[in-house]
Amino acid sequence: MSIEDIFSSKGRVRILRILVEIEELNISEIARRAGLNYTTTNQHLQALENAGLVRHKRFGRIRIFRFNEEDSRGKLIKKLIENWETNK
Amino acid sequence: MYHHTNVFKNESKLDINYVPPRLPHRHFQLNLLNQFFRFVLENPGKMAQRVLITGNVGTGKTVLSQHFGLEMARKAKERGINLNYVHVNCRECKGSLFMILQRAILNFHPHFPKRGYSAEELLQTLIQILDEQNAYLILATDELEALIQIGGSDPLYKLTRIQEDRLKAPQRFSLICILREPKYLDSLDHSTRSTLQHNIIRLEEYSLSKLQDILKDRVDLAFKYGTVSTSTLHFIAELASSEGGDARYGIELLWRAGKYADALQLSEVSPECVRKAAADVYPVVRKDIIFSLSLHEKLFLLGITRYFKHSEAAYLSMGEAEGAYAVVCEEYDEKKRGHTQLWKYVKKLSALGIIRTELSSVGQRGKTTCISLPGVPASDLEQELTKILSTEKRRSNPHVN
């Protein structure tokens with residue numbers, strides 16, 4: 001996935017911002033906070049996960065998503081968002 | 001010019017949730033707890049522990065467990081062991097295993113979803129989290145009565161046997177059960193009861209001198225130097241002692257008396273402030289005590305409060321109490337209990353300090369028990385009981401408004 005694909009989608013950027021702020025959340029809560037529906041949120045998260053930016057942990061039926069801080073790009077994007085938010 | 005005086009140095013030290021750095025007169029019990037859980041620091045994962053702490057209201061059950069938990073977690077951290085102490089009040093969790101486990105999980109994942117799964121799934125999730133984080137958990141279930149009353153044996157059985165099918169895996173989950181009276185355990189099935197009764201720590205009521213030491217500690221922490229005299233302290237300790245050695249009541253009294261002193265612009269907490277505070281802090285109107293009464297004990301007490309509300313009399317006889325109870329039973333559509341049963345209620349309510357009883361004096365025909373409400377406005381108690389009874393009615397019959 002190219003950088004344009006990540007940042008050209010408002011939905012993906014919103015999801016990334018939410019994960020920076022809250023750290024870890026399940027899909028329904030991410031969808032609620034991002035104002036997106038469940039399917040769209042799931043698709044965005046899938047894409048972000050494929051790009052290595054986020055990862056999930058499964059607890060029974062529940063998946064909890066968080067930023068993948070082991071990925072250098074993930075780390076940088078997190079920093080970028082944090083910086084952006086503090087210098088608004 | 002308005003001059004504002006303040007007897008407090010730090011009133012948060014009198015908060016009900018404050019855990020003091022030392023626990024006077026509970027060293028032995030604290031050492032016992034440390035011994036029970038020594039393995040957590042020395043051989044983590046090799047075993048799990050279940051401990052039962054019992055004792056009356058205000059004997060320091062909660063603070064003992066919290067003090068131990070905080071200390072244990074600190075020591076474990078020093079040794080690089082990921083030990084977590086989570087204190088949950090079962091009554092606050094409405095006696096629901098689901099909510100208790102949820103509180104434990106939120107300690108690890110603060111945004112874990114709050115709906116959409118069963119208590120069993122949560123239990124599995126909790127163990128999974130502990131495994132993944134290589135963590136150990138001591139879960140303290142305070143006011144266990146609520147969990148037993150609502151869920152019976154089942155939830156406790158699940159909590160105590162959580163690790164039985166994980167024989168080779170590290171034992172990560174230990175339990176501290178806190179309850180007022182061990183008699184609640186009688187309603188549990190034999191296996192659950194026996195699991196819990198291995199390690200029991202019984203907290204005796206504090207004596208007057210012990211209460212004085214406890215209150216002295218709190219005065220030093222919360223009040224400015226010289227604002228609470230020894231005689232005032234002794235007076236508060238005496239009142240707390242007469243309430244069955246209830247330290248929590250004493251601390252509450254101390255705080256309220258301090259507030260009165262501030263409101264009256266006094267530079268010192270006077271005995272008069274304590275008396276005013278004592279009139280305010282009704283130890284017997286504590287919701288937890290009233291809540292723990294059985295339905296008919298509550299109905300009987302409601303009858304008594306109604307009698308006093310509409311009468312100028314200081315005492316009512318056993319016969320009058322029975323009459324008032326019969327009216328309440330009719331109102332709540334309950335079959336009234338017999339005289340012997342009501343006599344037992346009187347004894348229990350008297351033991352709890354909610355009512356006071358004495359034998360009728362000369363001048364009255366025959367012998368009867370006279371019942372009074374010591375220092376508690378009947379209207380307040382009636383209001384409280386009506387509220388609790390209507391909540392219970394709604395819970396047992398959710399379709400009726």
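Author: Let us begin with Gly245(B), which lies in the loop between α10 (230–242) and α11 (247–263) of chain B; helices here are DSSP runs of H or I with at least four residues, strands are runs of E with at least two, and both are numbered from the N terminus. This is a predicted model, in which local features need pLDDT of at least 70 and side-chain atom pairs count only at pLDDT 80 or more, while totals for chains, interfaces and linings use all residues. Residues are numbered from 1 along each chain as its sequence is written, and chains are lettered from A and ligands numbered from 1 in the order in which they are written.

Reader: Is Gly245(B) buried or exposed, and what makes it so?

Author: A residue is buried if 20 or more other C-beta atoms lie within 10 Å of its own, exposed if 12 or fewer do, and partly exposed in between, with C-beta atoms placed from the backbone. Gly245(B) has 24 other C-beta atoms within 10 Å, and is therefore buried.

Reader: Which residues is Gly245(B) in contact with, leaving aside its neighbours within four places in sequence?

Author: Two residues are in contact if their C-beta atoms, placed from the backbone, lie within 7 Å. On that basis Gly245(B) is in contact with Gly58(B), Thr59(B), Glu205(B), Tyr206(B), Ser207(B) and Leu211(B), once its neighbours within four places in sequence are left aside. The C-alpha atoms of Gly245(B) and Tyr206(B) are separated by 4.6 Å, although these residues are 39 places apart along the chain.

Reader: What does Lys94(B) count as, and why?

Author: Lys94(B), found in the loop between β2 (82–89) and α4 (97–106) of chain B, has 13 C-beta neighbours inside 10 Å, so it counts as partly exposed. Its phi is near 55 degrees, a positive value in a residue other than glycine. Most residues other than glycine have a negative phi.

Reader: Why is Glu143(B) called buried?

Author: Glu143(B) has 23 other C-beta atoms within 10 Å, and therefore counts as buried. Glu143(B) sits in the loop between β3 (135–142) and α6 (144–151) of chain B, and its phi, near 50 degrees, is a positive value in a residue other than glycine.

Reader: How do you know which strands pair with β1(B) in the parallel sense?

Author: Two strands pair if DSSP finds at least two bridges between them. Strand β1 (residues 50–55) of chain B pairs in the parallel sense with β4 (residues 173–179) of chain B over five bridges, and with β5 (residues 200–203) of chain B over four bridges. Leu52(B) has Cys177(B) as its bridge partner in β4(B) and Ile200(B) as its bridge partner in β5(B).

Reader: What makes β1(B) mostly covered?

Author: Five of the six residues of β1(B) are buried.

Reader: What is the order of the three strands in the open sheet of chain B?

Author: The order is β6-β8-β7 (chain B), with antiparallel pairing. The edge strands are β6 (316–317) and β7 (356–359) of chain B, each of which pairs on one side only. Between β6(B) and β8 (residues 369–372) of chain B there are two bridges, and Ser317(B) has Cys370(B) as its bridge partner in β8(B).

Reader: Why are α3(A) and α4(A) called roughly perpendicular?

Author: Axes are lines fitted to C-alpha atoms, for helices over the stretch in contact, and angles run from 0 to 180 degrees between N-to-C directions. Angles under 35 degrees count as roughly parallel, over 145 as roughly antiparallel, 65 to 115 as roughly perpendicular and the rest as oblique. The axes of α3 (residues 27–34) and α4 (residues 38–50) of chain A come within 9 Å and cross at roughly 105 degrees, and therefore the two helices are roughly perpendicular to each other.

Reader: At what angle do α14(B) and α16(B) pack?

Author: Helix α14 (residues 295–309) and helix α16 (residues 339–351) of chain B pack at an angle of about 80 degrees, with their axes 10 Å apart. That makes α14(B) roughly perpendicular to α16(B).
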